[in-house]
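Me: I'm new to this one and would like a walk through it. Could we go over it with a few questions?

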Amino acid sequence: KRLESQLLSGADHIVSLTEAGKGQLLTRPELSGRDTPITVIPCCVDFGHFQLATEELRQAARSRLELNSDQTVLAYLGSLGSWYMLEEMLQFFRAYASQHEHARFLFVTREDPEPIRATAVRLGVDPQKLIIRAASREEVPELMAGADLGIFFIKPVFSKIASSPTKMGEMLALGLPIVTNAGVGDVEAMVEDMGCGVAIPDFRDESFGDAIDALQALHVSGEGRRQKSLAWFDLNVGIDRYDAVYRSLLS
């Protein structure tokens with residue numbers, strides 16, 4: 001904290017990953033009475049790599065994952081543990097599967113599959129409905145293209161005010177609708193702005209049911225979600241913002 005205070009006091013420009021984080025920074029005594037500029041630059045996504053999941057890409061992914069045409073797929077991408085709420089995501093899937101008979105939960109992750117399956121069993125989720133795949137960077141969009149819906153739940157604790165989940169941008173770049181939770185960075189504001197999914201207020205079964213209903217009522221296309229997310233997550237936008245920061249300092 002002492003080092004953080006020194007860095008804030010000595011900064012000529014500050015970059016925050018979130019507007020919420022910027023708001024928190026502005027309450028800091030180190031910045032009181034100063035006009036240190038703060039630029040918000042969320043975590044960025046290479047939209048050239050995470051291309052829109054066209055029907056052709058979707059069918060190729062589903063063939064690779066050995067999925068039938070009647071199976072709907074909820075997908076999670078990335079590491080688990082620490083901030084990511086595996087139990088709550090499995091509980092959401094349990095509610096989702098109660099309305100979608102042939103639903104499957106795809107995990108594209110390098111985590112050990114056994115603890116994921118053990119947690120599913122403990123929560124009453126059939127482990128046979130889980131598909132767990134490790135993937136290289138090249139393979140990630142190829143596998144995620146087979147999903148119908150993306151999910152990520154993150155502990156809504158104080159430090160996560162500054163969090164910008166890259167996986168959100170990656171899912172939206174593919175055109176997937178998402179279900180997530182409020183209380184994390186600008187996630188809720190982004191979801192509302194883009195109309196790209198649902199940010200649940202808590203982890204009760206009632207909230208899960210409301211979210212599932214809201215997701216089914218979404219009318220934005222995959223291409224529409226991708227286009228709306230460009231303004232938030234596009235790597236080129238992030239580069240331009242950083243370039244502007246550096247140029248302002250040089251001048």
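Predicted model: local features only at pLDDT ≥ 70, side-chain atom pairs only at ≥ 80, totals over all residues.

Here are some questions and answers on helix packing and on a pocket.

Me: How do helix 4 and helix 5 lie, roughly parallel or oblique?
Reply: Helix 4 covers residues 86-99 and helix 5 covers residues 113-122. Their axes sit 10 Å apart, and the packing angle is about 55°. Angles of 65 to 115 degrees would count as roughly perpendicular and those under 35 as roughly parallel, so this pair is oblique.

Me: And which hand does the crossing of helix 4 and helix 5 have?
Reply: On the helix 4 side, Leu86, Glu87 and Leu90 do the touching, and they meet Ile116, Thr119, Ala120 and Arg122 in helix 5. By class, that contact holds four nonpolar, one polar and two charged residues. As helix 4 passes helix 5, the crossing is right-handed.

Me: How many residues line the largest pocket?
Reply: This pocket has a volume of about 430 Å³. Helix 1 (2-10), strand 1 (14-16) and helix 2 (19-25) each give at least two residues to its lining. Glu4, Gly21, Leu25, Arg28 and Ala162 lie nearest the centre of the pocket, and the whole lining comes to 17 residues.

Me: How many residues of that lining are nonpolar?
Reply: Sorting the lining of the largest pocket by class gives three charged and four polar residues. The nonpolar residues number ten.

Me: Is the crossing of helix 7 and helix 10 left-handed or right-handed?
Reply: The axes of helix 7 (residues 166-174) and helix 10 (residues 222-233) come within 7 Å and cross at roughly 145°. Met168, Gly169, Leu172 and Ala173 of helix 7 touch Arg225, Arg226, Ser229 and Phe233 of helix 10. That contact splits into four nonpolar, two polar and two charged residues. The crossing is left-handed.

Me: How do helix 10 and helix 11 run, roughly parallel or oblique?
Reply: Helix 11 spans residues 235-250, and its axis comes within 7 Å of that of helix 10. The two cross at roughly 25°. Angles under 35 degrees count as roughly parallel, so helix 10 and helix 11 are roughly parallel.

Me: How many charged residues does the contact of helix 10 with helix 11 have?
Reply: The crossing here is right-handed. Leu230, Ala231, Trp232 and Phe233 of helix 10 touch Leu235, Val237 and Arg241 of helix 11. Six of the residues are nonpolar and none polar, and the charged count is one.

Technical notes
Residues numbered from 1 in each chain as written. Heavy atoms only, no water. Axes fitted to C-alpha atoms, helices over the stretch in contact; angles between N-to-C directions. Helix = DSSP H or I, 4+ residues; strand = E, 2+ residues; numbered from the N terminus. Parallel < 35°, antiparallel > 145°, perpendicular 65-115°, else oblique. Left-handed = near helix turned anticlockwise from the far one by under 90°. Contact = heavy atoms within 4.5 Å. Nonpolar A, V, L, I, M, F, W, Y, C, P; charged D, E, K, R; others polar. 1 Å grid on protein atoms, 1.4 Å probe; cavity = no way out; pocket = protein on both sides within 12 Å on 5 of 7 lines; lining within 4 Å. Points joined across faces, edges and corners; volume = space filled by probe spheres on them.
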